[in-house]
Amino acid sequence: RQAQYRRLRSAPSTTRDGRDLTLLINSGLLVDLPHLDESGAAGIGLFRTEILFMVAHSLPRVGEQEELYRRIYEAAGDRPVTFRSLDVGGDKVLPYIRAVEEENPAMGWRAIRLGLDRPGLLRMQVRALLRAAAGRELRLMFPMVSSVTEFTAARALVDKEIRHLKRHGHATPDAIRLGVMLEVPSLLFELEEVLSAVDFVSVGSNDLFQFMLAADRGNTRLTKRFDPLSVSFLRALKRIVDECERAHVPVTVCGELAGRPLEAMALLGLGYRQLSMPPAAIGPVKAMARALDVDRLRARLLPRLEPGRWPGHMRSFLAAYAEDH
Ligand code: PEP
Ligand code: MG
């Protein structure tokens, strides 16, 4: 198997019926970067910057952050990198910043909420990213956005930092693309407004699923009971990809779903073409995709998701489909 996946490294990520896919890796540490070459991925679809902060002994200053981000760009070369702004707070505590006690940390004062309420940290990070991306494209997305107004506030913060850098004679990126993680269900009901505000969307299926089903993602007692390959979740994922397509906004799935072959097959069937996953998943997902006739799967999958008729157990249907094809 391992040898088979290695051989696939330079093979195109194209389905049997000729659909081109973009397979990307999730990353968060500099030691992960060699995986980019080893996996043959097209780039980094999710760089979890908070991991760099969690392993540091003290808060990395702007210059130190800039250096870290630059090393990531160097490792990526021409391949795109999508950075995610700090997803700290809640249960991801930085040892050098006083934590607040919260009863429900996953739903607490974290990520973009903290970033906008105490903008010092986010501003430093944005400044470092803008500097590191000088002369190339900066792709940055914000975690846990629950309303388009949070995104516009984050964009305003970025704009202010760009003006600051220009005023001080610093070079800035050639292009800046800002996006949201779609992982809080409320955003699904502002999708039109969100899509006219952002440059791209990345579906954080881990959190989106946790919050849609009200099921703690880390609680193993619940893993069997709640299945992401369920009707409600597949319908939500389908709406997202349909709306993104209609609005011509690029969309990626970067939750764990994208790295599991059966789940990735379902995502391709729904219409997703960009998936970001742990490096070790690239081989298995590519092998699945190259054997898949997406249009045939779509023709079987989509009618089942139409409302009105209970479609039965979706995982069994998809597993049987994968088995037969
Ligand atoms: C997600 O929520 O799906 C995601 C990719 O982000 P994280 O797992 O870091 O919360
Ligand atoms: Mg998340």
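This is a predicted model: local features need pLDDT of at least 70, side-chain atom pairs count only at pLDDT 80 or more; totals for chains, interfaces and linings use all residues.
Residues are numbered from 1 along each chain as its sequence is written, and chains are lettered from A and ligands numbered from 1 in the order in which they are written.

The chain contains 15 helices and eight strands, where helices (H or I, at least four residues) and strands (E, at least two) are DSSP runs numbered from the N terminus. For 325 residues, a compact globule would have a radius of gyration near 20 Å, and the value of 20 Å for the chain agrees with this; the radius is taken over C-alpha atoms, and the globule rule is 2.2 Å times the number of residues to the power 0.38. Along the principal axes, the C-alpha atoms fill a box of roughly 60 × 45 × 35 Å. Of the 325 residues, 38% are buried, a term that requires 20 or more other C-beta atoms within 10 Å of the residue's own, whereas 12 or fewer make a residue exposed and the values in between make it partly exposed, with C-beta atoms placed from the backbone. Among contacts between residues at least 6 apart in sequence, 70% join residues at least 24 apart, a contact being a pair of residues whose C-beta atoms, placed from the backbone, lie within 7 Å.

An α-helix has 3.6 residues a turn, so residues three or four places apart point the same way.

Cys-244 counts as buried because 23 other C-beta atoms lie within 10 Å.

Helix α14 (residues 294-305) can be read in a similar way, since its 12 residues should span 16 Å at 1.5 Å a residue and its end C-alpha atoms are 16 Å apart, which agrees. Val-294, Leu-297 and Leu-301 are buried in α14, and, seen down the helix axis, the buried residues of α14 fall within an arc of 65 degrees, so they line one face. The cover over these buried residues includes α12 (261-270) and α15 (314-324), whereas the face of α14 turned away from them carries the exposed residues Ala-299 and Pro-303.

Met-144, in the loop between β4 (137-142) and α7 (148-167), has a positive phi of about 60 degrees although it is not a glycine, and Met-144 is buried because 24 other C-beta atoms lie within 10 Å. Ala-214, in the loop between α9 and α10 (220-223), has a positive phi near 50 degrees, but Ala-214 counts as exposed because it has 9 C-beta neighbours inside 10 Å. In helix α7 itself lies Val-158, which counts as buried because it has 21 C-beta neighbours inside 10 Å; apart from residues up to four places away in sequence, Val-158 touches Val-126 and Leu-178.

Finally, which residues surround ligand 1? They are Leu-46, Arg-48, Asp-87, Glu-183, Gly-204, Ser-205, Asn-206, Asp-207, Cys-254 and Gly-255, a residue being near a molecule if its C-beta atom, placed from the backbone, lies within 6 Å of it. β2 (44-48) and α9 (205-212) each supply at least two residues of this shell, and the largest share, three residues, comes from α9. The shell divides into two nonpolar, four polar and four charged residues, where Ala, Val, Leu, Ile, Met, Phe, Trp, Tyr, Cys and Pro count as nonpolar, Asp, Glu, Lys and Arg as charged, and the others, Gly among them, as polar.

Key. The expected span of a helix is 1.5 Å times one less than its number of residues. The arc is that of the directions from the helix axis to the C-beta atoms. Two residues are in contact if their C-beta atoms, placed from the backbone, lie within 7 Å.
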